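Below is a short briefing on one protein model. Look at the sequence and the structure first, then read the points by topic.

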Amino acid sequence: MKSRHRGFTLIEVLIAVTIFAVMSAFAYRALTSILNSRERVAQETQKWRGVATFLARLEADLTNAVGRDIRNSNDLTESALIGNLTFNKETEGQLMFTRMGLPGASGSLAAPQRLGYRVKEGAIEELVWPVLDQGQRTVPAVYPLLSGVSSLKLRYFNPSNAWQDTWPIVNVGASAGAAGPKLPRAIEVVLTLDSGEAITRLLLLPS
């Protein structure tokens with residue numbers, strides 16, 4: 001007796017192809033979802049790493065702040081720490097202060113430095129002046145630190161245990177020559193990102 005070999009019918013082939021197509025579509029959607037989730041996680045990780053790095057840098061700088069006034073490019077005395085609501089010139093920051101030199105460094109990095117921070121066009125910038133007492137043509141170097149920033153708001157805790165939006169203290173009615181404290185006791189930092197998150201930090205300054 002001859003054996004009969006039966007092949008697949010057209011309907012069976014169509015059913016198999018349809019099942020394979022459906023399974024492939026599900027697999028593609030699952031893979032796409034995994035890749036998109038992985039990309040979002042990577043973006044979020046990078047964003048929060050940048051925020052943490054900036055805040056750590058700012059805290060390290062303010063921890064080493066000193067009450068050393070400077071002479072600015074207009075040959076005027078400028079307070080050791082200045083806090084403005086905003087900046088009016090390209091050579092200004094929202095926050096400007098004098099800090100001690102970097103420990104273990106040599107050359108210009110070992111000397112006291114004049115630093116500044118500001119938000120410009122959605123990014124936090126650091127300003128570094130080459131010298132403390134400046135000439136007419138002294139301009140700071142500007143370094144971008146963190147993008148995707150909506151605003152940077154600062155408040156200053158004064159010796160009267162009260163918060164103020166700017167620094168130094170304006171002593172209304174104070175006698176001529178009277179000087180307030182060089183540095184606030186603490187600075188409140190409120191960093192708002194374009195994605196809507198607001199991060200608040202309280203940074204203590206040297207007494």
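**Sheet, buried residues and rings**

An open sheet of four strands runs in the order β9-β8-β10-β11, with antiparallel pairing. β9 (163-164) and β11 (198-204) are the edge strands, each with a single partner strand, so one side of each has no neighbour in the sheet. The model is predicted: local features need pLDDT of at least 70, side-chain atom pairs count only at pLDDT 80 or more, and totals for chains, interfaces and linings use all residues. Residues are numbered from 1 along each chain as its sequence is written, and side-chain values use heavy atoms, with hydrogens and water left out.

**Strands**

- Strands are DSSP runs of E of at least two residues, numbered from the N terminus, and two strands pair if DSSP finds at least two bridges between them.
- Strand β10 (residues 186-193) pairs with β11 in the antiparallel sense over seven bridges.
- In β11, Leu203 is the residue opposite Ile187.

**Confidence**

- The protein chain has a mean pLDDT (the predictor's confidence in each residue, from 0 to 100) of 86, and 88% of its residues reach 70 or more.
- For residues 172-178 the pLDDT is below 50, and this stretch has zero contacts (heavy atoms within 4.5 Å) beyond near neighbours in sequence in the model.

**Around Glu126**

- Glu126 lies in strand β6 (residues 123-129).
- Glu126 counts as buried, at 3% relative accessibility; buried means under 20% relative accessible area, exposed over 50%, and partly exposed in between (1.4 Å probe, protein chains only).
- Leaving aside neighbours within four places in sequence, the contacts of Glu126 include Arg57, Asp61, Leu115 and Tyr143.

**Aromatic rings**

- Rings of Phe, Tyr and Trp (its six-membered ring) pair if their centres lie within 6.5 Å; planes under 30 degrees apart count as stacked, over 60 as edge-to-face and the rest as tilted.
- The whole structure holds four aromatic pairs.
- One of them is the stacked pair of Phe97 and Tyr117, at 6.4 Å centre to centre and 15° between the planes.
- Phe97 lies in strand β4 (residues 95-99) and Tyr117 in strand β5 (residues 113-120), so the pair ties together parts 20 residues apart in sequence.
- Phe97 is buried, with a relative accessible area of 0%, and Tyr117 is buried, with 1%.
- The rings of Phe157 and Trp163 have centres 4.9 Å apart and planes at 50°, so this pair is tilted.
- Phe157 counts as buried at 18% relative accessibility, whereas Trp163 is partly exposed at 33%.
- Phe54, Phe97 and Tyr117 form one aromatic cluster.
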